[in-house]
Every structure is written in C-alpha cells, then in structure tokens.
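Try each task before you read its solution.

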Amino acid sequence: MTRTKFAPPMILGLTLFLSTAAAETLIVGLDADPPRLDPALSTAFVDRQVMNQIFDKLVDVDEKLKVVPMVAKSWKVSNAGLTYTFKLNTGIKFADGTVLDAAAVKYSIERNLTLEGSARKGELASVKEVAAPDAATVVINLKVPYGPLLAVLSDRSGMIVSPTAAKKSGADFANEPVGSGPFSFVSRKRQDNITLKANAVYWRGKPKLDGLVYRPFPDGDVRVANLLSGAVQVITPVDPKDVATIQKNAKLDVTTFQGLGFQGVWMNIGKPPFNNKLVRQAFSASLDRDAINKVVFLGTVKPAAGPFPPGTPAYSAAIRVQAADLAGARKKLAQAGKPSIPFTLLTAPGAVNAQLAQLYQAMAAQVGFNVKIETVEFGALLDRADKRNYDAVMLGWSGRPDPDGNIYEFFHTGGSNNQAGYSVPGIDSLLEKARAQTAMSARVATYNVALGKIVDDSPYAFTYFTSNTVGNAKTVTGLRLVPDGILRFYTVDTK
Amino acid sequence: MLIFAARRLLAAIPTLLVVTLLVFALVRLLPGDPARLQLGEEATPQALTELRHKMGLDRPVAVQYVSWLGDLGQLNLGRSLQDNTTVSSLIAQKLPTTFELALLSLLIAVALALPAGILSALRPGGALDRLVTLLALSGISLPTFFLGILLIYIFSVNLAWIPASGYVGLSENAGLNLKLMLLPAVTLGVGSAAVLTRFLRSSLLEVLNQDYVRTARAKGVAGRLVIVKHALRNALIPVVTVLGLQLGGLLGGAVVTEQIFSVPGFGRLLVDAVFTRDLPVIQGMVLTSAALVFLVSFLVDLAYGAIDPRVRFG
C-alpha cells in the first residue's frame with residue numbers, strides 16, 4: 001500500500017478504512033469517546049481500551065486473570081506482605097526516545113499518588129513509598145499489607161508514562177500521551193477519532209498492524225451498522241439483540257466472553273419500604289434471574305449470585321444463584337405485615353435498562369410489589385443514588401481483576417460505592433481481613449463468610465454478571481479474550 | 001438601512017447578557033455534580049474534594065458567575081473540564097462542520113421544496129398536489145433518528161455506496177467530504193424540505209388569488225413568467241422567515257443527526273458536554289448558539305429588505 005507522505009494522519013486513517021484494501025490499519029468502534037488518556041486522571045472504562053495500546057504496565061493479567069510479567073520480568077513479596085520488589089526488563093524506550101527505567105516507574109507511581117485530581121489515589125492508598133535502588137529494580141513499600149496490589153498495578157496504576165513528556169505537557173498530557181506500548185499516539189479529534197501508529201522499535205517486537213484508529217459510536221445500532229458496512233473492522237460492545245445479526249453474516253464473527261462486572265438493584269435500607277429486611281428478601285426472591293438472561297440478553301450473560309463472576313479467582317460455587325421463589329416472597333411480605341408495597345425503581349435511559357426495569361416490575365408484581373419505573377439521565381441517577389434519594393436503583397459495576405475491587409467499596413461502611421448505606425461492623429472487619437490476606441484461598445474463605453451475611457441482608461439484589469462482546473471482521477485474527485474486556489492489539493493481525 | 005442594522009446589532013448586547021445569566025443558572029440547576037460524574041466508579045471522597053477544587057466548583061456560585069463573565073469580557077470562554085482544551089478552540093473546531101451540514105441540508109431542502117411547492121400550488125387538489133402533500137407529511141413526521149438509520153441501512157449496509165460514517169474536513173478532501181456529508185445532510189434536510197414545501201404551497205396559493213396576478217394574466221403575461229416573476233417573489237416572504245427559523249432548528253436537529261452519523265460537530269459536542277456536565281463547554285456553546293440564532297434572524301431581517309422594498313423604507 002502506498003502512502004502520501006504529507007497526508008495528515010486522520011485522512012490517512014479514513015482513506016484506509018474507506019478503501020477496501022485497508023489491511024494494515026484497523027478501525028475499532030467503541031461505545032464512547034475516551035475522555036482522558038492519562039493513567040492518573042482517567043476515570044472511564046473506555047479510556048483503558050486505548051491506553052492499553054499506548055502504555056506498558058508494570059504487570060498484566062492473562063486470559064485466566066493470572067498476573068503475568070510485562071515491564072517487570074519478576075517480583076518478590078517479602079516483609080509479611082509489606083514489600084514488593086520488581087526486577088524490570090531492560091532496553092525499553094518511550095515513544096519520545098527516552099529510556100524506561102526504574103526511575104520512570106517510580107515517577108509514574110508517584111505521579112498517580114500526588115497529581116491533583118488523580119483518580120488512582122484510592123487504589124494506591126496502601127503505598128508508603130516507592131524506591132529505585134538501581135536502574136532495573138523498583139521497590140514498593142506498603143503501610144499495611146494489601147493483597148490486591150499486583151492486580152491494581154495491572155491496570156492504570158501500573159501504566160508507565162514518559163517522565164520527560166509528562167513534565168513537558170503538564171495538564172495537557174491526556175491530549176498528547178507518551179508511553180512505551182506497542183502503539184504510539186498520533187492524533188485525536190474529539191468525538192471523531194483517536195489515531196495510533198505502530199511502535200516500530202517496540203521492545204517485544206513490532207506489532208503486526210501498522211496503525212489503529214478508534215472511533216466512538218454511542219448508539220448500538222450505529223455501531224453495528226458500521227461493522228456490517230465494513231467501515232470498521234472491530235466493535236465492542238455489541239448489543240445483545242445484534243449478536244444474531246452478526247452471526248448470520250458470513251464475513252463477520254461475534255464473541256461473547258465472561259466479564260468482571262455485575263449488575264443489580266440497590267435497595268435503600270435507610271427508609272421504607274426497604275428498611276425492612278423481609279421486604280428486601282422478598283424483592284430479591286421475586287426475580288427470575290434465568291428468565292432475565294434469556295429475555296433481555298438472549299442467553300449471553302450469566303445469572304449472578306454475588307459480586308464474583310464464575311471463572312474469576314474469588315468465585316465460589318458455595319454462593320448459589322437465588323432461584324425465583326414467589327410463594328416464599330409472598331410469605332415474607334405477609335410476615336412483614338405488608339401484602340402490597342408500592343415503590344419507585346430508578347433507572348437510566350437505554351434499551352437494555354428499559355427492558356430490565358419492565359421485567360423487574362412484572363416479576364415483583366407477581367408477589368405484591370407495585371413498581372413505578374422512573375427513568376432519569378445517568379448524571380441525575382448517580383446524584384440521587386449518592387444522596388440516597390431513592391427507593392430502589394439499578395446500578396452495577398464494570399468489575400476489577402482482584403475480588404477486593406468488586407466488594408470492598410460496596411459493602412464496607414462508608415464505601416464510595418455503598419449507595420444503600422449498608423453498615424455492619426462484622427462485615428467491615430471481614431472485608432478488611434480479606435484485603436490483608438495474600439493467599440487467594442484464604443481470601444475466598446473470608447469472602448464467603450461475608451457474602452453469606454450480605455446475601456441474607458440483601459441490600460443489593462445481584463441479578464447478572466456482565467459479558468464482554470466483540471464483533472469483528474473474520475479477517476481480524478489474534479484477538480485475546482481477557483475478562484477485563486480490554487482488547488490488546490499487540491498480537492492482532494489482518495489476513 | 002445602516003442605522004437599522006446598527007440598532008439591531010446593539011440591541012443584541014443586553015439580550016446576550018440575559019442569556020449568560022440564564023445559561024449559567026440553568027447549567028447549575030442540572031442535577032448531578034460534574035466532579036462526581038467525571039470520577040464515575042472512582043469517586044472516593046478525597047478524589048471528589050480534590051476534583052471539585054480543581055474545577056473551581058468549591059467557590060460560591062456568584063463568584064463563579066462573575067469570574068466567568070469577566071473572562072467572557074476578554075473573549076475567553078474557559079477550558080473544558082474533560083480534557084483541559086479551550087472552549088473557544090473546541091467550538092472553532094466543531095462549528096464549521098455543523099455549519100456545512102446545516103447549509104448543505106438547507107440547500108437540499110430548498111432544492112426539494114421549491115419545485116414541489118410550486119407544482120402542488122399550481123393544481124391544488126390534483127393528483128400531483130396530493131402526492132406532494134403525502135410526501136411532505138411523511139417528511140415532517142419521520143423522526144430524524146429513524147430516517148438516518150434507515151438511510152445507513154439502505155445506502156451503506158445494503159448497497160454499500162456510501163460509508164456509514166466518518167468525517168474529513170472540506171479543505172482536506174472536498175470530494176470525500178461531500179460524499180460523507182450527503183446522508184447526514186439528506187437526513188436533516190428532508191424535514192425542512194417538507195415544512196418549506198407546505199409553507200410555499202399555501203403562500204403561493206394565496207398570492208395566486210390576488211388581483212395583481214389576475215391582472216398580469218389578463219394582460220397576457222406568459223403563465224410561467226407570472227409564477228416566477230409576480231407570484232413567487234411575493235410568496236417567498238413568509239417562506240424566508242420560516243427558512244431563517246429552520247436554520248436555527250437545523251442547528252438543533254444536527255444534535256441527533258451528528259450522533260447517528262458520528263459527525264464530529266457542534267451538536268455532538270453539546271450532547272457530550274451535557275452528559276458529562278462539562279459546564280464551561282455547555283455555557284460557551286449555548287452562548288455561541290444564542291449569538292448565532294440572533295445573527296440569523298438579523299440576516300433574515302436584511303433579506304426581507306432585499307425581497308420587499310417596503311420593509312427597507314418603512
């Protein structure tokens with residue numbers, strides 16, 4: 001393929017995708033425009049899709065969520081879980097030509113810890129200090145043992161930025177990010193495209209693609225139409241209703257695989273009717289989680305029992321999916337002395353949300369709930385959830401590789417995602433204990449004790465585990481299906 | 001004429017001041033905290049406090065307004081809370097795209113409405129009139145989002161004639177730009193065309209019944225000349241008013257169309273800014289569109305003068 005030397009990258013990307021021979025540059029359709037490509041400031045899931053190509057991380061997770069080497073080739077945990085010593089790979093360069101060494105790792109982690117507005121401070125709160133005794137060694141000392149640390153470093157907290165570029169760009173680093181990843185940033189036009197090019201001197205070998213162009217399509221119908229027309233070669237996510245359409249197309253593939261997140265309904269335990277545990281249990285028992293999967297998701301998700309999806313380290317078969325029990329639910333409402341209970345279910349706009357809300361409404365009606373659905377825009381919904389100005393609200397979680405990220409902030413007193421105001425001292429101490437344990441088997445045992453009580457208290461009705469869905473042209477090969485849902489394009493090729 | 005124009009322009013200043021106050025107050029009435037929304041799943045209390053401070057949201061509202069107004073006085077619209085770029089550069093980047101889209105769709109609307117309106121006014125109640133009326137009513141009632149997706153399915157997915165989405169600047173590659181803008185412009189233009197057709201039809205019918213048209217006909221002026229020279233010119237005055245209003249409406253309609261076709265324009269930016277509570281961007285954009293709508297109605301006033309000399313001298 002010939003290229004015009006003077007063409008701006010955006011034209012290049014578009015010309016490539018408009019011509020049928022666009023073999024080397026892949027166009028990827030996302031559901032939102034990634035707002036901030038800065039590992040410290042990023043708060044949106046979709047940022048991670050792009051940043052994972054631009055930045056290398058200290059460690060990564062594989063398809064089984066096992067922590068694997070990346071910039072760090074090995075590590076050792078010592079001092080009763082308080083000291084993490086990382087040995088780094090050498091010969092890594094940032095896209096600006098500067099060297100990635102222990103000092104750059106130290107700089108990146110400290111930047112996450114100190115930058116004003118950094119969203120990483122919470123997950124790195126256990127870090128006391130970072131030291132770089134030599135160019136290939138990084139030592140992280142903790143204030144308290146923190147089991148999730150490695151998993152946290154496999155995400156934005158572990159992304160290594162070029163110190164030279166970060167200092168030079170200051171507040172604009174998100175608009176001109178420089179890392180050492182398989183692709184480097186070329187340009188972005190807000191709401192139109194983000195263009196990356198292959199890093200020809202990538203330390204693990206040059207990627208097979210020449211470039212990547214990310215384009216945002218917030219509407220699911222538009223996203224799938226672009227895949228069908230060939231304007232983009234990969235889209236994620238795919239709406240459940242479009243899965244069959246893609247399957248029918250001989251040139252396209254669609255893959256659904258287990259994600260890390262969960263969805264469900266918070267019940268406000270601070271006011272009637274859900275300040276009564278029996279009423280909460282009755283609502284949860286009225287839900288037929290299998291039917292939800294079949295009707296709304298056409299069988300593409302898994303019914304949820306707790307916060308840990310099957311296939312993730314903390315999943316336990318001991319926590320069983322609650323079967324719909326209408327008679328039991330009616331009995332509980334009778335015990336509570338309230339055979340008929342009206343309440344308002346708050347939800348955000350969207351086809352899937354609307355379907356879910358109607359299904360919850362119909363299911364709960366069978367046992368005596370009179371559910372009114374109120375749809376408010378997502379910003380307003382978050383505001384009301386935070387202020388606990390609701391009866392029940394549909395809110396879920398995108399999920400984290402380490403189990404702590406799926407439970408601690410939800411059910412610990414004062415947790416930032418504890419929208420029900422759930423507060424049980426026994427649960428708090430169990431969650432703190434699990435966080436300090438390093439062996440996963442010990443943590444799972446602790447979580448199971450906590451979950452037994454949480455599920456019984458039912459401040460949250462878990463309904464289903466989210467799936468990742470990717471639609472792609474069959475010519476695209478080498479996509480790895482990591483449960484975090486992030487497509488790593490380093491290994492991807494086009495035929 | 002010049003004094004008339006100058007007076008109209010000066011009258012805009014207090015209006016725009018009221019708009020600043022309104023938009024500032026309305027934006028603050030939106031439920032939801034920008035810092036909370038930006039942090040999303042990462043909203044720890046410490047991060048929230050820090051981000052609110054960084055965004056300047058911890059200052060009293062009156063102080064925020066006065067400081068914004070002061071910046072406005074220096075033609076500084078502030079910076080986006082999302083990515084720290086200046087609001088003016090964002091608007092400068094997006095506005096030409098939407099302007100092009102609005103103009104193209106207006107062209108399409110006029111190109112469809114002029115012949116359709118004239119033809120249906122010539123024989124009211126005839127078969128052609130009924131067909132045009134049916135099409136116009138369909139055009140008015142078809143929601144933009146539906147028409148847009150329909151066009152994508154027909155022309156991009158099934159026929160594969162035009163890419164479903166994408167954008168290239170006019171100056172970068174004019175041919176490709178027009179190709180990519182065609183579907184969005186048609187989507188946006190069809191509704192306007194329908195409205196304009198109906199207006200032109202009724203306006204032309206009224207004019208055709210006037211005495212001077214009958215006089216012209218009695219004098220033996222050719223039928224086509226009567227329509228074009230005598231009737232159409234007068235029938236166009238209400239149509240131009242509607243056209244001006246439509247242009248404002250097209251800016252609004254562009255919000256939906258740009259979303260469907262992923263055109264990175266003004267409307268798409270505004271939707272994004274509202275959903276993320278990017279206050280400086282919303283304020284800057286609403287103010288800019290208020291100024292634009294004012295400008296359009298000003299131009300419409302001038303156009304009256306050109307079409308009807310009585311307005312100019314009256």
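**Exercise 1: Domains of chain A**

An automatic or database assignment of domain bounds divides chain A into domain 1 (36–208) and domain 2 (259–467). This is a predicted model, in which local features need pLDDT of at least 70, side-chain atom pairs count only at pLDDT 80 or more, and totals for chains, interfaces and linings use all residues. Residues are numbered from 1 along each chain as its sequence is written, while chains are lettered from A and ligands numbered from 1 in the order in which they are written.

Task: describe how domain 1 of chain A and domain 2 of chain A meet.

Solution. Start with the separation: the C-alpha centres of the two domains are 33 Å apart. Next, count contacts (C-beta atoms, placed from the backbone, within 7 Å): 13 residues of domain 1 of chain A touch 13 residues of domain 2 of chain A. Finally, sort by class, where Ala, Val, Leu, Ile, Met, Phe, Trp, Tyr, Cys and Pro are nonpolar, Asp, Glu, Lys and Arg are charged, and the others, Gly among them, are polar. The domain 1 side has 10 nonpolar, 3 polar and no charged residues.

**Exercise 2: Where the chains touch**

Task: find what chain A brings to its contact with chain B.

Solution. First, the contact takes 41 residues from chain A and 46 residues from chain B. Then look at helices (DSSP runs of H or I, at least four residues, numbered from the N terminus): on the chain A side, the elements giving two or more residues are helix 1 (9–18), helix 6 (220–228) and helix 12 (378–386). By class, this side holds 18 nonpolar, 10 polar and 13 charged residues.

**Exercise 3: Helix 7 of chain B**

Task: check the length of helix 7 of chain B, then say what covers its buried residues.

Solution. Begin with the chain: chain B has 13 helices and 0 strands, and 38% of its 314 residues are buried (20 or more other C-beta atoms within 10 Å of the residue's own, C-beta atoms being placed from the backbone). The expected span of a helix is 1.5 Å times one less than its number of residues. Helix 7 of chain B (residues 144–158) has 15 residues and should therefore span 21 Å, which agrees with the 20 Å between its end C-alpha atoms. Now look for a bend, the angle between axes fitted to the seven residues ending at a residue and the seven starting there: helix 7 of chain B bends by about 25° at Ile152(B). Ile152(B) is also among the buried residues of this helix, together with Leu147(B), Gly148(B), Ile149(B), Leu151(B) and Ser156(B). Their cover includes helix 6 of chain A, along with helix 8 and helix 10 (223–261) of chain B. After the helix comes Ala160(B), with a positive phi near 55°.

**Exercise 4: The largest core**

Task: which residues touch the most other members of the largest nonpolar core?

Solution. A nonpolar core is a set of buried Ala, Val, Leu, Ile, Met, Phe, Trp, Tyr and Cys residues joined through C-beta atoms within 7 Å. Among its 150 residues, those with the most such neighbours are Leu26(A), Leu58(A), Val105(A), Ile160(A), Leu212(A) and Leu196(B). Helix 8 (residues 174–208) of chain B contributes the most, 16 residues. To finish, a second, separate core has 60 residues, including Ala285(A) and Tyr460(A).

Definitions and conventions:
A residue is buried if 20 or more other C-beta atoms lie within 10 Å of its own, exposed if 12 or fewer, and partly exposed in between; C-beta atoms are placed from the backbone. Two residues are in contact if their C-beta atoms, placed from the backbone, lie within 7 Å.
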